[in-house]
Amino acid sequence: MAAAVVYQMLSSSGLVALGVYHMVGSTRLHLLKPPQSYSAKPYHPFPLSSSSSHRLKHLQLYLLLGFLLIALAHHSLSSFDSDPLLKGRTPVHRFTSLQSAALSFLFFLLSLALLLADSFPSLLPLPNDLFFALASALFLLHSYVSSSSASVQTSDLQAKCDSVSARISALASLLSLALACNPRLFVADLGLGAALCLQGLWTLQTGLSLYVDAFIPEGCHRLLDVVSGVEGSTKCDLQESSLRAVAILDLALLLHVLFVFLILMLTYALVSKTLGGGGVRRFGASSYEALPTAAPASASALVLDHNHIQMKSMSGTQA
């Protein structure tokens with residue numbers, strides 16, 4: 001149980017950090033460039049990396065690759081967990097774990113390709129629209145895997161958690177596809193970071209609701225002789241308790257959405273304030289005002305007076 005909770009917390013922190021960082025980078029890029037030249041990027045290097053430390057440029061990708069390796073190892077090892085109630089290893093749990101491991105490996109390859117494309121553009125040219133298209137396909141595949149896992153769960157509580165995760169991944173897939181078709185959609189770029197943040201919060205909610213006794217809804221409990229994470233390890237005694245638990249998870253999802261919305265608004269406000277304002281900075285123009293219409297006439301009069309003075313001085317010299 002402790003290993004499952006630690007993994008859920010680690011996955012949650014990684015997804016939330018990735019989502020918030022993507023929102024910060026997207027907002028900063030949107031505020032620093034005019035709207036007609038804005039284009040969404042899958043990767044935002046640290047602002048200080050270009051001047052102070054080049055090593056920090058790919059720190060985000062290094063951390064992402066590390067988290068994906070941990071996920072790959074966790075799903076691969078958990079596929080060998082046994083379920084005493086079903087006499088040994090359960091085929092369903094084993095296959096779903098292997099599917100999750102394969103999906104983690106695909107995300108690892110995509111992140112590695114992004115790292116190589118940014119480090120060696122001539123070796124692996126990876127345009128942004130192609131990356132978003134591949135990311136959309138992987139998010140859609142993750143949604144399909146989560147939906148399949150929810151359909152074979154013997155616990156309504158676990159099925160609900162997997163189905164919500166599938167819907168969030170489907171949303172991320174739709175936003176990535178929109179960016180692949182039109183990279184100028186700042187709202188979709190910002191929404192992708194928010195979707196990653198929401199997926200991270202829901203991962204934490206899943207771990208707490210399934211593996212921590214203090215957060216398991218009333219009327220539901222963990223089966224002590226079943227390994228945590230195997231389907232049916234957390235069950236509800238009565239149908240009424242199951243419906244109540246599902247309603248609690250729906251309420252928790254709404255609270256997480258509200259929290260992500262607050263994070264999004266706070267992120268935009270802080271980045272905008274840090275950069276020093278809005279449209280004046282973005283368009284690179286100062287608050288110039290139009291000169292009055294009488295100004296050209298005044299300027300002409302000054303020129304004529306100046307020429308008149310010069311002519312007087314010349315005539316005096318000739319005399």
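Over residues 6–24, what percentage of the chain is helix, what percentage is strand, and how far apart are the end C-alpha atoms? In this predicted model, residues 6–24 are 100% helix and 0% strand, with the end C-alpha atoms 27 Å apart. Residues 59–77 are likewise 100% helix and 0% strand, and there too the end C-alpha atoms lie 27 Å apart.

Both stretches carry the annotation "transmembrane region" in an unreviewed UniProt entry, which also places that annotation on residues 97–117, 129–145 and 251–271.

## Aromatic pairs

A search of the whole structure gives four aromatic pairs. One of them joins Phe 107 and Phe 139 in a tilted arrangement, with 5.5 Å from centre to centre and 55 degrees between the planes. Because Phe 107 belongs to helix H3 (residues 91–119) and Phe 139 to helix H4 (residues 128–151), this pair ties together parts that are 32 residues apart in sequence. Phe 107 and Phe 139 are both buried.

Phe 131 and Phe 132 make an edge-to-face pair, their centres 6.0 Å apart and their planes at 75 degrees. Phe 131 is buried at a relative accessible area of 11%, and Phe 132 is also classed as buried, at 2% relative accessibility. Elsewhere, ring pairs connect Tyr 38, Phe 186 and Tyr 268 into a cluster.

## Salt bridges

Side chains of opposite charge can pair when their charged atoms come close. In this model the count comes to two salt bridges. In one, Asp 250 pairs with Lys 160, and the closest N and O atoms are 2.7 Å apart. With a relative accessibility of 31%, Asp 250 is partly exposed, whereas Lys 160, at 14%, counts as buried because the cut-off for burial is under 20%.

The side chains of Arg 244 and Glu 218 form a salt bridge with an N to O distance of 3.8 Å. Arg 244 is partly exposed, with a relative accessible area of 39%, and Glu 218 is exposed, with a relative accessible area of 63%.

Methods: Residues numbered from 1 in each chain as written. Predicted model: local features only at pLDDT ≥ 70, side-chain atom pairs only at ≥ 80, totals over all residues. Heavy atoms only, no water. UniProt positions renumbered as here; feature names shortened; annotations may be inferred. Helix = DSSP H or I, 4+ residues; strand = E, 2+ residues; numbered from the N terminus. Phe/Tyr/Trp six-rings, centres within 6.5 Å; stacked < 30°, edge-to-face > 60°. Buried < 20%, exposed > 50% of the residue type's maximum accessible area, 1.4 Å probe, protein only. Salt bridge = Lys/Arg side-chain N within 4 Å of Asp/Glu carboxyl O.
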